[in-house]
Each structure stands twice: as structure tokens, then as C-alpha cells.
Amino acid sequence: TCALPIYPTVINNTPPQRCLTTDQHDKFVASLKAIGIHKTAVRHAQGNMESQRFADCIVSALTDAGWEVIPRPLFLIEIQTISGVRIMARDVHSAPPGGVELQKALEDIGIPAPAEMSPITEGLDFEIFVGVHPSLDNAK
């Protein structure tokens, strides 16, 4: 007989880390360069390391494309959990220059990025928000 100790089942609900593959990164950078240089900020879900790391991947691609990413966007307190990636703008009915093209560039590499209305940093037309991993929507 087997004398192994009995342990309760461990369930790991940690989603896999999102990242850009080399192909996604290169295609995204090429699309961003074609759009032209813009200035933006990238936010991530507060206290969520997975979304922070994915935001860092997006910042890397933006800077590789020559975009200016401001390091300290307007401080906002999250009042709800948002999953996935969003393009944040003051007015989603009046598309900011470069915002729609950025949204398409993300979608072209398999990252849906719907627009959402939000206060954004003064002097910017749009920002990128990286929410929690989309698989966490199903864990609620």
C-alpha cells in the first residue's frame, strides 16, 4: 500500500501571465510607427502584478515605436475591477487622434481594446488601461 500523506486539493486560480510574443511585439511596433508618434500613459489594475507586467510589455512596444509614455499619469482610484485592455478617453463619441488606430493595432495582434470614457491625464488625448486578466471574469 501507498503511505503518502493525504493533502486537500489545491486549486490554483492564478491566470497565466499575459505577454506579447516576439511576432506580436514586432507587428504592434510596426503598426504604431505607421500611426505616427503620440504621447500617452499606460495604467494597470491597482495591486495586480500580472496586469503591471503586461502593461510593462505594452510600454516597451510603445517606446520601441518612438511613442512618448509619461511615467506618472493622473492618479485615479479604481471603483470597479476592469478586465482586459481598454483605450481610455474623455469622450468615446469623439475619437481622439491616434486612438482608433491604436485600438486597431492592438486588435490586429489579438488584443481587444474597447474604448471607455474616463478622466485622463491633462495634455493627453487617450491612455491605455491594462485591467486584470480576462479569465478572472469567469472566477467571480
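Four strands form an open sheet in the order β2-β6-β4-β5, with mixed pairing. The edge strands are β2 (42-44) and β5 (115-117), and each pairs on one side only. Neighbouring strands of this sheet are turned by 35 degrees against each other on average, direction ignored. The model is predicted.

**Sheet pairing**

- Strands of a sheet pair through backbone hydrogen bonds, in either the parallel or the antiparallel sense.
- Strand β2 pairs with β6 (residues 127-130) in the parallel sense.
- That pairing runs over 3 bridges.
- H44 stands opposite V130 in β6.

**Helices across the sheet**

- Helix α2 spans residues 49-64.
- Helix α2 lies across β2, β4 (85-89) and β6.
- Its direction is at about 170 degrees to β2.
- Helix α3 covers residues 99-108.
- Helix α3 lies across β4, β5 and β6.
- The angle between α3 and β4 is about 180 degrees.

**Chain layout**

- The protein chain has 3 helices and 6 strands.
- Along the sequence, these elements follow the pattern α-β-β-α-β-β-α-β-β.
- Take the contacts between residues at least 6 apart in sequence: 87% of them join residues at least 24 apart.

**Burial and surface**

- The protein chain has 140 residues, and 39% of them count as buried.
- Its accessible surface comes to about 8,600 Å².
- Carbon and sulfur atoms account for 56% of that surface.

**Cysteines**

- The disulfide count is 0.
- Why is C19 not bonded to C57? The closest cysteine sulfur to that of C19 is in C57, 6.1 Å away, which is too far for a bond.
- The cut-off for a disulfide is a pair of cysteine sulfur atoms within 2.5 Å.
- C57 is likewise in no disulfide, and its nearest cysteine sulfur is that of C19.
- C19 is partly exposed, with a relative accessible area of 45%.
- C57 also counts as partly exposed, at 25% relative accessibility.

How values were computed
Residues are numbered from 1 along each chain as its sequence is written. This is a predicted model: local features need pLDDT of at least 70, side-chain atom pairs count only at pLDDT 80 or more; totals for chains, interfaces and linings use all residues. Side-chain values use heavy atoms; hydrogens and water are left out. Helices (H or I, at least four residues) and strands (E, at least two) are DSSP runs, numbered from the N terminus. Buried means under 20% relative accessible area, exposed over 50%, partly exposed in between (1.4 Å probe, protein chains only). Contact means heavy atoms within 4.5 Å. Accessible areas come from the Shrake-Rupley method with a 1.4 Å probe; for residues, only the protein chains shown count as cover. Two strands pair if DSSP finds at least two bridges between them. Axes are lines fitted to C-alpha atoms, for helices over the stretch in contact, and angles run from 0 to 180 degrees between N-to-C directions.
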